Amino acid sequence: MEKFEHEYNAEQIQVLEGLEHVRKRPGMYIGSVSVRGLHHCVYEIVDNAVDEALAGYCKNINVTIEPGNIICVEDDGRGIPVDIHKKTNKSAAETVYTQLNAGGKFGGDSGYKVSGGLHGVGASVVNALSTWTEVTIQRDGGIFQMKFERGKTVESLTRIGDSDKTGTKVRFLADDTIFESLEYEYEVLEKRFREMAFLTKGLRITIEDKRVDPVLKGDFCYEGGLKSFVEFLNKNKEKLHKDPIYIEKTDGEVPVEISIQYTSSYSESIYTFVNNINTIEGGTHLEGFKRALTKVFNDYARSHNILKEKDNNLQGEDIREGITAVVSVKVKEPQFEGQTKTKLGNSEVTGVVQSMVNDALATFLEENPAVAKAILEKCISASRAREAARKARELVRRKSALETTTLPGKLADCSSKNPEECEVYIVEGDSAGGSAKQGRDRRFQAILPLWGKMLNVEKARADKIYGNDKLNPVIVAVGAGIGNEFDITKIRYGKVIIMADADVDGAHIRTLLLTFFFRYMRPLIENGNVFLAQPPLYKLSKKGMQDIYCYTDEDLDKAFKDLEEKGISRDQLGIQRYKGLGEMNPEQLWDTTMNPETRILVKVTMDDAIKADEIFTLLMGDEVEPRREFIELNAKYVKNLDV
Ligand code: TTJ
C-alpha cells in the first residue's frame, strides 16, 4: 500500500510542534488539568468574544454546556476574518485557532486583550486540548466552517452557506485523555460570567446548562457596570448610603472604572481587575486607590473640623472598614508580578488611579455631606476600636509575658513541637473533647475543646476578639496572632481541624470558626492549613461482621447494596445514626475521624473570596431573612463548606 508522506512546510511543522508541546505540558498553558484548568478553557474562548465586545462590535455572548460536556460559545461580533493571509497562506481564523499565542486582534492597535487569568494563552491551546473543535463564522455574506481534532486541522475553512448576519460560534469537546474530568461546574462558570458582565458594561452574557432538566440558565447584562457589581456584593449588607459612588474616566490610555459603597460591616472588601483579570494580589491600581481614600477622607475630616488639630490622622484600615469597592483598569501592556502573577506592576497606574479618585471622591463628599458624615463617623469609631484593640493586645501580651506564655488550660497539647507534623482538633463540646483526648495520637495530635456559643466576629470589632474567652484559646493555641499581626510562620500546627457535629449546631460552630479564620487569620486558609473533620453519619453492625461506617447518605445506600449482594439484608443489620460526636467512644472516634489512615478531611480553600465573603456576610451578618433562605437552600453546602 503506497504511503503518502504529507509535505509539511516550516510553518506547519512549527504549528504541530507547538500543539504537541501544549498537549505534553498542558499545566504550563492552563494552570492545571483539574476542573480549574477545564474552566480556564471556557474562559479563554469567551475572552476572545469579550475582546470583540471591548472593541465595540459584540453585544451578546451565549455560552451553552451541551449534554456530554460539549461547550458551545457564540458571539455576534464581526466574525473572525476569513480572507487568506499572503504571508501565512492561511486565514486569520485558522491562525487564531492553530497558532500558539496568536490571540488578540490582528494588525494595528492590540487593544486590551482580556484573559482568563492566565493572560491570554489563546484559543489555539483550547483547540490542542480538545478532542474536537468546530468553528463557524458568519461574515461577508457567507457562513464558513473549519474543524480540528486535538488541534490538527481536519477540515480547512470552507464556505458552507449564505448569511446576512455576522458572528463567531465555537463548539469543542475537551480531551478526556488530558483532563481529570470533563464535568463542568455550572455555578463556577455562572459566577465568572456574571463577573465578566459587571466588568464589561452593557455586554449581555448568557449561560445555559443543557445537561440537566430543567435547564439551568444565567442571563447577565449590567448597564450600570461596576455600580451594579457593588450593589450585587452588598445586597445582604446594611448600606451607609443608597447610591454607590461611581467613577469612570480614561486618563491617557488607561480607562479606569471604580465603584464604592460603604456598609455597616467591619470588614473591607476591595476587588481589583486589570483587563478583566481578577488581580487578587492587588498591585499599583490598588495602591493608588488606597492612597487617595486615606488622603481625601483625612483632608475632609480636618477641613470640616471632624478631626481636631490634636487628633491623629485616620489610618487606612480605619477608613476602609466597611468599604465595598471594585477597581477595574485597562492597560495595554500589563506587567504582572506576585506568586500567582495576579499583582499589577505598572508603576504609572498608581498615579493615574490616585489622582482620579482624589478628584472624584473629594467632589462626591463635598456634594453629599450627609454621606460624608456617616462614613466618617464610622471611620472615627473604627480608629477608636483599633486603639482599644491595641491596648487589649498590649494587655494580653503583658499578661501572658508576666505569666510566661501559658497555653489555654483546655488545650491538651501534643508532644511533638514540629508544626509540619502537628495538628490541633478544635472540638465542639466537652464530651467529644474528652473522647478525642483519649482516642488521639498524643505524639502529633492536640485537642482544644470549645464549649458554648462562639462570638460572632462578623458583628464584632478586633478589640472584642482579643478579650473573648472562646476565641482567645484558639488564638493562643494557633500561636500566630490575628489581623494585620498574623504571622503564618509562627503557627504551632500544620493542620487546624474543626471537628463539630453534622447537625445545625455543628454547622453553626463550623461557620463561626471559619468566619473568624476568614476575617482574622486569612493566610491560614490561603495557605491550606484549615480542615473540616468529617465524622461518620451511620454505623452498620452485625454479629460476626466488622462495623461499617458511612459518612454520607450515598455511602449508606452503597453499603446496603454491597451487603445485599453478600446476602445480608437491611433488617439483619444494626443501624446507628450518629447525632453527635459524643456518641462515639474514643476508639471509634479515632478509627472513623482522627486516624490519618482512615479519616476524611475537607480542606477549606480560598477559591473565591467573593463567594466566601458573601457567604459569611449572609450567614453571620445582620440581615436575618437572607440567612434563613440561604441555610434552607444550602444546608448541604454549609455542611461541606469548601470555600
Ligand atoms: C469566542 O466566543 C464566541 C465564539 O468564538 C470565539 C471567538 O473567537 N470569537 C471571536 C473572535 N469574535 N471575534 C473574534 C475576532 C474578530 C476579529 C475582527 C479578529 C480576530 C482575530 C478575532
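Trainee: How many bridges join strand S10 to S13, and do they run parallel or antiparallel?

Mentor: In this predicted model, seven bridges join S10 (residues 254-262) to S13, and the two strands run antiparallel. One of these pairs is Ser259, whose bridge partner in S13 is Val326.

Trainee: What makes S10 and S13 count as paired strands?

Mentor: Two strands pair if at least two bridges are found between them. Seven bridges join S10 to S13, so the two are paired.

Trainee: How do you know that S11 also pairs with S13?

Mentor: Six bridges join S11 (residues 269-274) to S13. The requirement is at least two, so S11 and S13 are paired as well. These strands run parallel, and the bridge partner of Ile270 in S13 is Ala325.

Trainee: Why is strand S13 called largely enclosed by the rest of the structure?

Mentor: Seven of the seven residues of S13 (residues 323-329) are buried, so the strand is largely enclosed by the rest of the structure. Both faces are covered.

Trainee: Why is Phe172 called buried?

Mentor: The relative accessible area of Phe172 is 0%. Buried means under 20%, so Phe172 is buried. This residue lies in strand S6 (residues 167-174).

Trainee: Which residues are in contact with Phe172, leaving aside its neighbours within four places in sequence?

Mentor: They are Cys41, Val42, Ile45, Asn69, Ile70, Ile71, Val126, Ser130, Trp132, Thr133 and Tyr184. A contact requires heavy atoms within 4.5 Å, so each of these residues has a heavy atom within that distance of one in Phe172.

Trainee: Why is His241 also called buried?

Mentor: His241 has a relative accessible area of 4%. That value is under 20%, so His241 is buried. His241 is found in the loop between helix H7 (226-233) and strand S9 (245-251). Not counting residues up to four places away in sequence, His241 touches Ile260, Gln261, Tyr262, Val371 and Ile375.

Trainee: Which residues are closest to the ligand?

Mentor: The closest are Ile45, Val73, Asp75, Tyr97 and Thr168, among 18 residues that surround the ligand. A nitrogen atom of the ligand is 2.8 Å from an N or O atom in the side chain of Asp75. An oxygen atom of the ligand is 2.8 Å from an N or O atom in the side chain of Tyr97.

Trainee: How much of the ligand does the protein cover?

Mentor: The protein covers 96% of the 490 Å² of accessible area that the ligand has on its own. The elements that give two or more residues to the shell are helix H3 (35-54), strand S2 (70-75), helix H4 (92-98) and S6. H3 gives the most, with four residues.

Trainee: How do the residues of that shell divide into nonpolar, polar and charged?

Mentor: Nine are nonpolar, three are polar and six are charged.

Trainee: What share of the protein chain is buried?

Mentor: Buried residues make up 53% of its 643 residues. The secondary structure of the chain comes to 20 helices and 23 strands.

Definitions and conventions
Residues numbered from 1 in each chain as written. Predicted model: local features only at pLDDT ≥ 70, side-chain atom pairs only at ≥ 80, totals over all residues. Heavy atoms only, no water. Buried < 20%, exposed > 50% of the residue type's maximum accessible area, 1.4 Å probe, protein only. Near = heavy atom within 4 Å. Polar contact = N/O pair within 3.5 Å; in protein donor to acceptor, adjacent residues only side chain to side chain. Areas by Shrake-Rupley, 256 points an atom, 1.4 Å probe, with all protein chains shown as cover. Nonpolar A, V, L, I, M, F, W, Y, C, P; charged D, E, K, R; others polar.
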